[in-house]
Amino acid sequence: MKKPRALTVWVILAALSAPPAAWALAKPVRLLAPVLNGMTCDGAVCVEEPARLAEAAALYEDALLKIAARGTPLQQRPRMAFCSTDACYRAFGGGAERAITYPWLGSLIASTSWAPHFARHELIHALQAQELGAIGMLRKPAWFREGMAYAWSEPPPEDMPVQFAPLRAQFEAWLDGTGQRRLWHEARRL
Ligand SMILES: [Zn+2]
């Protein structure tokens, strides 16, 4: 769920300048074509274990609906890759976090993170990129970026990290004052 800014930019530059090298060196770039890394995909949803494709698709579709219900639907279907093993997660550049979204590339879900709130959290970051631009979104304060993702994904208490609770509270207070209708307009000014 952390957004490695420098890494992301480097990944994109590497992908543009030297695709074969980028493929070997920049693991998140593999999200551009997960099937080349052993995944099975149906549209935007990819899985390591083909038998779990329907389960992953259900998590994805539910997350899209829940986000749209907040007022701003995703206009595209960002890629989301669901791993069943740690090796898979690491192969796509994942680290110690539970899930991660790389702007322009897609989201990666760890084997222990197959739950509705993780899918929602990562698609909320995709929504932020849609509304603010990938660079613009990365430049917003953490209380907005992560606060919103935690507030709107509604994790159960055991998956609400204590260090993010103040950011979530700050976003919720800001949204109370701003109002849903002006949310993105005001967010662009942050
Ligand atoms: Zn996050």
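**View 1. Helix H7, end to end.** H7 has 12 residues, and its first and last C-alpha atoms lie 16 Å apart, close to the 16 Å expected at 1.5 Å a residue. The expected span of a helix is 1.5 Å times one less than its number of residues. Helices (H or I, at least four residues) and strands (E, at least two) are DSSP runs, numbered from the N terminus. The model is predicted: local features need pLDDT of at least 70, side-chain atom pairs count only at pLDDT 80 or more, and totals for chains, interfaces and linings use all residues. Residues are numbered from 1 along each chain as its sequence is written, and side-chain values use heavy atoms, with hydrogens and water left out. H7 is mostly covered, with 11 of its 12 residues buried. Buried means under 20% relative accessible area, exposed over 50%, and partly exposed in between (1.4 Å probe, protein chains only). The buried residues include Trp143, Arg145, Gly147, Tyr150 and Ser153. Just after H7, Glu154 takes a positive phi of about 50°.

View 2. His121 lies in helix H5 and Glu146 in helix H7, so the pair ties together parts that are 25 residues apart in sequence. Both His121 and Glu146 are buried.

**View 3. Helix H5 and Gln128.** H5 has 17 residues and reaches 24 Å from its first C-alpha to its last, close to the 24 Å expected at 1.5 Å a residue. Of these 17 residues, 14 are buried, so H5 is largely enclosed by the rest of the structure. Gln128 is found in this helix. Its relative accessible area is 0%, and Gln128 is buried. Leaving aside neighbours within four places in sequence, Gln128 is in contact (heavy atoms within 4.5 Å) with residues including Met137, Phe144, Arg145, Met148 and Trp184. Gly133 follows H5, with a positive phi near 85°.

**View 4. The largest nonpolar core.** A nonpolar core is a set of buried Ala, Val, Leu, Ile, Met, Phe, Trp, Tyr and Cys residues joined through side-chain atoms within 4.5 Å. The largest holds 42 residues; Phe82, Leu123, Phe144, Trp152, Phe171 and Leu183 touch the most other members. Elements that each supply at least two residues of this core include strand S2 (45-47), helix H3 (53-68), helix H5 (116-132), helix H7 (142-153) and helix H8 (165-178). Apart from it lies another core, of 13 residues, among them Cys46, Tyr89, Tyr102 and Leu108. In soluble globular proteins, nonpolar side chains tend to be buried together.

**View 5. Phe144 close up.** Not counting residues up to four places away in sequence, Phe144 touches Gln128, Leu132, Phe171, Trp174, Leu183, Trp184, Ala187 and Leu190.

View 6. At 1.5 Å a residue, the 16 residues of H3 should span 22 Å; the end C-alpha atoms are 23 Å apart, which agrees. Leu53, Ala56, Leu59, Tyr60, Ala63, Leu64 and Ile67 are buried in H3. They cover an arc of only 130° around the axis, which puts them on the same side of H3. The arc is that of the directions from the helix axis to the C-beta atoms. Ala54 and Leu65, on the other side of H3, are exposed. The buried residues of H3 pack against strand S1 (40-42), S2, S3 and H5.

**View 7. Ile109 in strand S5.** Ile109 sits in S5 (residues 106-109). Ile109 is buried, with a relative accessible area of 0%. Among the residues it touches beyond four places in sequence are Met80, Phe82, Tyr89, Arg98, Trp114 and Glu122. Ile109 and Ala119 are 10 residues apart in sequence and 7.7 Å apart in space, C-alpha to C-alpha.
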